[in-house]
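Welcome! Let's look at this structure together and ask where some of its labels come from.

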Amino acid sequence: MKLLFIVNPISGGLDKDPFLKEAGKICFEYGVDYKIFKTTGKHDEIHLQKLLDAFQPDRVASIGGDGTTLFSAKVLIDTHIPLGIIPFGSANGLAMELSVNTNKKIALIDIITSELIGNLDMILVNNKYHAIHIGDVGVNAQIVEGYDSDENRGMITYAKYFIEQLQKSKPFSIEIEANNETIQTEGVMVAICNGRKYGTGVPVNIHGNPMDGKFEIVIISKMEVKSILKAGLSKFDETFFDSENSHIIKTEDAEIRFNKKRLLQLDGEVIGEFKDLQVKILPGAIKLITTSKNVYV
């Protein structure tokens with residue numbers, strides 16, 4: 001077997017080198033030929049594609065957070081090279097959704113030995129931008145933008161931007177065309193979901209399944225103290241999920257329109273401002289190395 005590691009050296013603020021040394025020993029133990037690709041932020045897709053063509057791995061392991069998984073997945077679309085995840089980000093939302101083992105050594109052994117390969121969907125926005133977990137417009141996108149621009153990290157910094165945006169948030173007009181229907185409404189956030197929970201563990205969509213060939217649009221009508229408390233409790237018990245202030249549309253494609261350009265984030269990356277979003281699912285775009293702990297297979 002040939003295994004390619006795709007590593008984001010800065011994700012989660014964690015040093016990956018000690019693990020990579022241990023991973024080399026595990027690969028030697030299992031007779032696996034491997035190479036390591038480290039992202040630099042400069043022409044990564046071009047360099048990775050050249051390595052994929054030259055090395056022709058049997059499997060790929062993403063070492064980082066959701067952003068690293070998305071980067072790895074985009075390069076592997078329709079290649080039929082299966083992808084596994086070793087969670088190393090500050091928030092590993094997708095890995096948690098897919099029940100990837102939090103023990104990194106065990107996660108690697110699962111990638112090497114598992115024969116269970118599932119079909120993982122991806123989302124395509126405006127025929128250009130991809131998401132593999134959750135994207136949104138509104139309150140959370142503004143929080144992500146502020147957090148990314150701050151040199152400080154951690155929950156205190158996140159909380160600062162959360163409180164700031166909560167105080168500033170006002171409903172905006174939303175028009176959604178999906179399933180041969182048009183919905184006109186208002187909300188403080190529109191989430192585009194291939195999964196169910198943010199990296200914090202708080203569910204935004206209790207009906208999601210990243211392997212069912214569909215995605216969900218979740219409209220959050222308002223955020224108030226009651227709904228925030230419910231969100232916190234729903235992390236531990238989904239019966240507290242705030243269905244009163246949310247509306248969920250399950251579909252394969254949709255067009256979302258706003259009255260003016262609004263900020264979009266996908267899988268933790270701020271993309272830009274858009275007035276119109278054309279969204280569709282790419283069913284089974286990625287072959288996922290998984291285990292029977294994954295409730296979606």
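This is a predicted model: local features need pLDDT of at least 70, side-chain atom pairs count only at pLDDT 80 or more; totals for chains, interfaces and linings use all residues.

Residues are numbered from 1 along each chain as its sequence is written, and side-chain values use heavy atoms, with hydrogens and water left out.

Q: Why is H1 called a helix, and what span is expected for H1?
A: A helix is a DSSP run of H or I with at least four residues, and a strand is a run of E with at least two, numbered from the N terminus. H1 covers residues 17-29, which is 13 residues.

Q: What makes the buried residues of H1 line one face?
A: Phe 19, Leu 20, Ala 23, Gly 24, Ile 26 and Cys 27 are buried (under 20% relative accessible area; exposed is over 50%, partly exposed in between, with a 1.4 Å probe and protein chains only). Seen down the axis of H1, they fall within an arc of 165°, so they line one face. The arc is that of the directions from the helix axis to the C-beta atoms.

Q: Why is Pro 9 called partly exposed?
A: Pro 9, in the loop between E1 and H1, has a relative accessible area of 34%. That value lies between the 20% and 50% cut-offs, so Pro 9 is partly exposed.

Technical notes
The expected span of a helix is 1.5 Å times one less than its number of residues.
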